[in-house]
Amino acid sequence: MGLLEKINSPDDLKKIDRDDLPQLADEIRELIIDVVSRNGGHLASSLGAVELAIAIHYIFDAPNDQVIWDVGHQAYAHKILTGRRDLFHTLRQYNGISGFPRREESKYDVFNVGHSGTSISAAIGKAVARDFADGKNKVIAVIGDGSMTAGLAFEGLNQAGHLKKDIIVILNDNEMSISKNVGALSAYLNRIMTGQFYTRVKKETEHILRNIPKIGESMLKAAKVAEESVKGLIAPGILFEEMGFNYVGPIDGHRLDHLISTFENIKRLSEPLLIHVVTKKGKGYKFAEENPALFHGPPPFNKETGEIKKRGLIPTYTQVFGDTIIKAAKENKKVIAISAAMPEGTGLDMFAKEFPDRFYDVGIAEQHGVTFAAGLAASGFRPVVAIYSTFLQRSYDQIVHDVCLQNLPVVFAMDRAGIVGEDGPTHHGVFDIAYLRHIPNMVIMAPKDENELQHMLYTAVNHNGPIAIRYPRGEGMGVSLDRDLKRIEIGKGEIILDGDDVAIIAIGNTVYPALDAASRLRDEGVSTAVMNARFVKPLDRDLIIDIARKVKGIVTVEEHVLEGGFGSAVLELLSEEDIKIKVKRIGLPDKFIEHGAQKMLRHNYGLDSDGIYLAVKEAFAGVYDNTNAPQR
């Protein structure tokens with residue numbers, strides 16, 4: 001029996017001899033690699049944080065001591081150590097455990113996470129609540145994986161330092177190799193600087209110096225300069241010290257003895273602490289160590305060779321976007337691409353190689369990225385901001401205030417719009433139509449396939465105003481790509497099938513399933529029209545009005561929430577025109593959608609061809625000849 005099989009809670013972990021903990025770390029890594037190789041998931045960051053998770057749960061008393069893992073990419077070892085070892089094989093699978101910490105899943109997950117930079121602010125809230133209740137527990141925020149580039153993180157640090165609350169921030173720095181400072185001397189100094197004797201003497205000395213008349217403050221300043229000169233041997237912690245934190249680090253995040261002794265010492269302190277831990281992404285799996293970007297969130301792969309399991313030959317929407325923006329940039333030197341820490345995920349990595357001086361990765365700082373783009377647009381450039389739909393939510397005010405209010409030509413390329421699959425509710429891009437379509441000057445469009453995507457992007461970079469394109473995660477429809485790019489007239493949809501009984505008005509990747517459903521309905525004698533709307537805003541008013549006056553019923557289809565979505569826009573238009581016709585809207589319900597495979601979730605929520613076919617049959621049962629609604 002291995003060590004890991006004995007652990008069902010942090011209490012079990014504490015029974016393990018310290019000398020055996022490195023073996024435990026190896027067993028955890030093996031389990032993570034095995035499961036992620038089959039299920040996909042966030043590998044490199046979680047492998048780098050194994051020792052950190054062990055040390056935290058070995059020293060602190062979770063769930064009484066509350067640990068908030070920022071983003072959650074680092075938290076797989078945490079899940080394994082907190083009673084979910086036997087469920088770990090279900091990671092990111094439908095009805096299985098989430099790839100991110102979730103309060104609904106475990107008492108050890110004290111705050112739901114998924115978007116970067118939230119841990120410190122949440123931890124301050126937890127610390128203030130604890131103090132109101134006269135609690136004595138520790139509150140620990142583990143932030144890393146680039147999350148310190150988020151402005152929210154620094155806002156949290158600023159308040160935490162001001163409030164002087166008992167809070168521990170662990171900065172998991174996995175963006176650099178182990179520095180020269182992380183050696184025997186720096187580890188020794190860090191252990192000394194967090195020890196009881198040193199901290200007590202430090203506070204007593206400060207008190208004595210402050211009370212020396214006239215010269216006390218100057219002597220205290222001189223002492224602090226001397227202290228910083230010693231700390232300079234260790235790390236540039238002055239920034240955090242100035243924000244009100246006692247800085248400790250950097251510490252080798254793979255030396256369990258150093259982590260444990262440091263945590264033992266800081267557990268006794270009651271002040272804002274920032275512990276700088278340096279880890280290596282992909283630690284323990286050579287393929288992830290060599291290519292941490294590829295193994296950040298890989299699909300299933302061969303764990304023996306590191307080879308990503310082959311996908312189909314159909315290019316993804318992301319790949320088509322990446323190829324097309326390069327074409328557009330070659331034609332127009334004013335095109336600039338902007339990413340928020342996701343150049344590979346958004347397909348901009350090749351653009352960055354082709355045009356390094358016209359590519360900007362702003363880090364996990366979507367708000368800044370949008371206003372940065374607005375500044376470029378106000379100066380005559382054509383910025384394309386490529387951000388996942390769910391992450392663009394973070395920059396809502398900047399879209400309104402800095403882009404749309406000034407009617408600036410900023411292109412929002414919203415990758416991962418709709419159901420994204422196994423990452424679940426924090427990542428589904430199902431709200432963008434609702435939060436964008438009511439903003440004046442904004443144009444919103446969605447392609448039915450990858451060929452239409454390239455033409456929409458070309459249209460967007462030549463449009464004189466704010467414009468957004470939403471497109472899904474995954475492969476395209478397998479259509480051929482036109483060699484020459486062309487503009488699509490703004491606000492113009494197309495009739496793909498004509499019909500007199502019912503019209504299906506679909507947007508984006510729901511068009512092809514609508515066509516399949518229409519084919520089945522037509523075989524049953526229902527004359528079914530299909531319109532590719534193309535635009536959510538502006539709607540093709542004339543075309544929709546013409547259809548509504550011709551058919552007996554309308555069905556709208558969107559991979560988006562129904563509240564405020566595309567179907568709502570169509571209903572508003574029909575109401576304005578006083579057109580009375582039965583309308584059935586197909587979309588996502590008023591709930592957060594669980595994690596699971598895209599195909600399965602689309603089927604479950606009636607967004608595939610079967611669902612559309614059955615919805616039309618049910619909605620219009622008995623209205624047309626030869627239609628008898630089956631039971632769903």
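This is a predicted model: local features need pLDDT of at least 70, side-chain atom pairs count only at pLDDT 80 or more; totals for chains, interfaces and linings use all residues.
First sheet. Seven strands form an open sheet with mixed pairing, and the order is β7-β6-β8-β9-β11-β10-β15. The edges are β7, residues 359–361, and β15, residues 535–537; each has a single partner strand, so one side of each has no neighbour in the sheet. From one strand to the next, the twist averages 20°. Look at the β15 end. Strand β10, residues 443–445, runs antiparallel to β15, and two bridges join them. Met-445 has Phe-535 of β15 as its bridge partner.

β12 pairs with β14, residues 528–532, in the antiparallel sense, over three bridges. Leu-497 stands opposite Val-530 of β14.

How many residues of β14 are buried? Five of the five, so the strand is largely enclosed by the rest of the structure. Both faces are covered. Thr-528, Val-530 and Asn-532 are buried on one side, Ala-529 and Met-531 on the other.

Next, a single residue. Arg-437 sits in the loop between α19, residues 432–436, and β10. Buried or exposed? Arg-437 has 16% relative accessibility, so it counts as buried; the cut-off for buried is under 20%. Where does the side chain go? It reaches the backbone oxygen of Gly-564 at 2.8 Å. It also reaches the backbone oxygen of Gly-565, at 3.4 Å. Beyond four places in sequence, the contacts of Arg-437 include Ile-444, Val-536, Lys-537, Ser-568, Ala-569 and Glu-572.

Last topic: aromatic rings. The whole structure holds 13 aromatic pairs. Take Tyr-285 and Phe-301. Their ring centres are 5.9 Å apart and their planes are at 40°, so this pair is tilted. The two residues are 16 apart in the chain. Tyr-285 is in the loop between β5 and α13, Phe-301 in the loop between α13 and α14. Tyr-285 is buried, with a relative accessible area of 7%. Phe-301 is buried too, at 1%.

Back to Tyr-360. Tyr-360 and Phe-372 make an edge-to-face pair, with 5.3 Å between centres and 75° between planes. Tyr-360 belongs to β7 and Phe-372 to helix α16, residues 366–378, so the pair ties together parts 12 residues apart in sequence. Phe-372 has 24% relative accessibility and therefore counts as partly exposed.

One more group. Which residues do ring pairs link into a cluster? They are Tyr-285, Phe-287, Phe-295 and Phe-301.

Note on methods
Residues are numbered from 1 along each chain as its sequence is written. Side-chain values use heavy atoms; hydrogens and water are left out. Two strands pair if DSSP finds at least two bridges between them. Helices (H or I, at least four residues) and strands (E, at least two) are DSSP runs, numbered from the N terminus. Axes are lines fitted to C-alpha atoms, for helices over the stretch in contact, and angles run from 0 to 180 degrees between N-to-C directions. Buried means under 20% relative accessible area, exposed over 50%, partly exposed in between (1.4 Å probe, protein chains only). A polar contact is a pair of N or O atoms within 3.5 Å; within protein, one must be able to donate a hydrogen and the other to accept it, and residues adjacent in sequence count only if both atoms are side-chain atoms. Contact means heavy atoms within 4.5 Å. Rings of Phe, Tyr and Trp (its six-membered ring) pair if their centres lie within 6.5 Å; planes under 30 degrees apart count as stacked, over 60 as edge-to-face and the rest as tilted.
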